[in-house]
Amino acid sequence: MRTGRRRTGGGRGRLIAAAAVCSALLMALHAWIPNGAGNLGSLFQTFLPWAGLSVPVLLALAAVRRSRLAAVAVLAPAVAWVSLFGGMLTDRRSGGGDFTVVSHNVDEENPDPVRTARALAASGADVLALEEMSTKATPVYERELAAGYPYHSESLGVRLWSRYPLNGVEAVPIMPWTRAVRATVDTPGGPVAVYAAHLASVRVTPAAGFTTARRNEAAGKLAQAVRAEPLARVVVMGDFNGTVEDAALEPVTSGLRSAQHEAGAGFGLTWPASFPVVRIDQILVKGMSPTSSWTLPATGSDHLPVAASLRL
C-alpha cells in the first residue's frame, strides 16, 4: 500500500512539474503564440502579467503532494515571470521632467463629465489627449478646460488640449471616422509631435473568440503615420485597447518606448477603473526621456487617466 501511494504521489508530482514547465514556456515564448482561431496569442499577451499567478498555485499543489520535483520545477515559471516583469515591481520614477502629458478615455457615457473635466484641468499636464469625446459632453470640456488650455484641436471623438500653441493639426486616417489626431506642440523646449489615438475596440465572444482585426488594422495605419513623422521628438498616447506586450500591436509599439515601463511604479493598470486588471491606455515616446509615469484617480469614466513627465 505504501508503494502504491508513492507512485500515485510521484505521478501527480510529475504532472505538476510538467504544468510548471508549460507555464514557463508560455511566458518565455509568448510572442510566438500564434493568432489563429480566436486570436489566442493576443488574448494571452493582454493578460500576460497575471500568468505569474500560476507560480503560487503550482507551488501550493507541490506542497500538498510533498513533491520535491514539482517544487523545483516551479522555479521555471517564477524565473520566466521575473525576467519579464521583475523590473515592474520597483519604483522607477524620478524628477527632472519638463513636459507632462495626460491621456484619458473619458467614456462617452460618463455620467459626470464636469467632474472629469475638472480633474483633468487640475492634473498639471501641459497636453491632454482625450478619447471618446461625445458630442453632448464636448461643450462641458471646452468650458472647463478653457482657462488652462487655450489651444485645442477641433476633431470629434479624439481631441488634444494644450497649454502651448498647436500647429499642423490633422486627423490621422486610421479608421473611416476620426479616431486619431496629430499636432505639433510648440513647447518652450522646442517642437514635439503629439499623436492621440483610440484604436478600435476588441470583443471576447464564445463564437469568435478575441476579435482584434479592426484594432490591428488601425494600429498598422497609425504606425505608418508615426514612421513618416519628420520631427525627432514624438509622443503617441491614447486608448490602444491592448497592452504593449501584445505582439499584434508591435507595428506601432516598436521604435517607441513605454513611459510606464521606463519610469513608472508597478504596472499602472487602467481598465476597468473600478478594479483595473490590464493597462490598455498607453503613453509611448521617441526622442525624449520619460522621468515619471503614473495613473490618476478614477473619474466618472470606466478607464483611469494615465500621465507621464518627460525630459525634452
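## Strand S6 and its partners

Leu-166 has Val-185 of strand S6 as its bridge partner. The strand that pairs with S6 here is S5 (residues 166-171), in the antiparallel sense and over four bridges. Two strands count as paired if DSSP finds at least two bridges between them. Strands (E, at least two residues) and helices (H or I, at least four) are DSSP runs, numbered from the N terminus. This is a predicted model, in which local features need pLDDT of at least 70 and side-chain atom pairs count only at pLDDT 80 or more, while totals for chains, interfaces and linings use all residues. Residues are numbered from 1 along each chain as its sequence is written, and side-chain values use heavy atoms, with hydrogens and water left out.

S6 also pairs with strand S7 (residues 190-198): eight bridges join the two, which run antiparallel. Thr-184 stands opposite Ala-193 in S7, and a hairpin of two residues links S6 to S7.

Is S6 buried or exposed? Seven of the eight residues of this strand (residues 180-187) are buried, so S6 is largely enclosed by the rest of the structure. Buried means under 20% relative accessible area, exposed over 50%, and partly exposed in between (1.4 Å probe, protein chains only).

Val-181 belongs to strand S6 and, at 1% relative accessibility, counts as buried. Leaving aside neighbours within four places in sequence, Val-181 is in contact (heavy atoms within 4.5 Å) with Ser-155, Val-158, Leu-160, Glu-170, Ala-171, Val-172, Val-194, Tyr-195 and Ala-196. Val-235 lies 54 residues from Val-181 along the chain, and their C-alpha atoms are separated by 12 Å.

## The six-stranded sheet

Elsewhere, you can follow an open sheet of six strands in the order S3-S4-S2-S1-S14-S13, with mixed pairing. Strands S3 (151-152) and S13 (289-295) stand at the edges with a single partner strand each, so one side of each is left without a neighbour in the sheet. Within the sheet, strand S1 (residues 99-105) and strand S14 (residues 306-311) run antiparallel and are joined by five bridges. Ser-103 has Val-306 of S14 as its bridge partner.

## Pockets

The largest pocket has a volume of about 640 Å³. On a 1 Å grid over the protein atoms alone, a pocket is an open set of points with protein on both sides within 12 Å along at least five of seven lines; a cavity is a set where a 1.4 Å probe fits but cannot get out, and lining residues have an atom within 4 Å of a point. Grid points are joined across faces, edges and corners, and a volume is the space filled by probe spheres set on the points. Of the 29 lining residues, Ser-201, Arg-203, Asp-239, Asn-241 and His-303 lie nearest the centre of the largest pocket. By class, its lining has 12 nonpolar, 10 polar and seven charged residues.

The second largest pocket, of about 170 Å³, has Ser-201 and Arg-203 among its lining residues, along with others including Trp-177 and Arg-214.

## An enclosed cavity

How many cavities of 30 Å³ or more does a search of the whole structure find? The search finds one. The largest cavity holds about 150 Å³ of space, and of its 17 lining residues, Pro-49, Glu-245, His-261, Phe-267 and Arg-279 lie nearest the centre.

Methods: Ala, Val, Leu, Ile, Met, Phe, Trp, Tyr, Cys and Pro count as nonpolar, Asp, Glu, Lys and Arg as charged, and the others, Gly among them, as polar.
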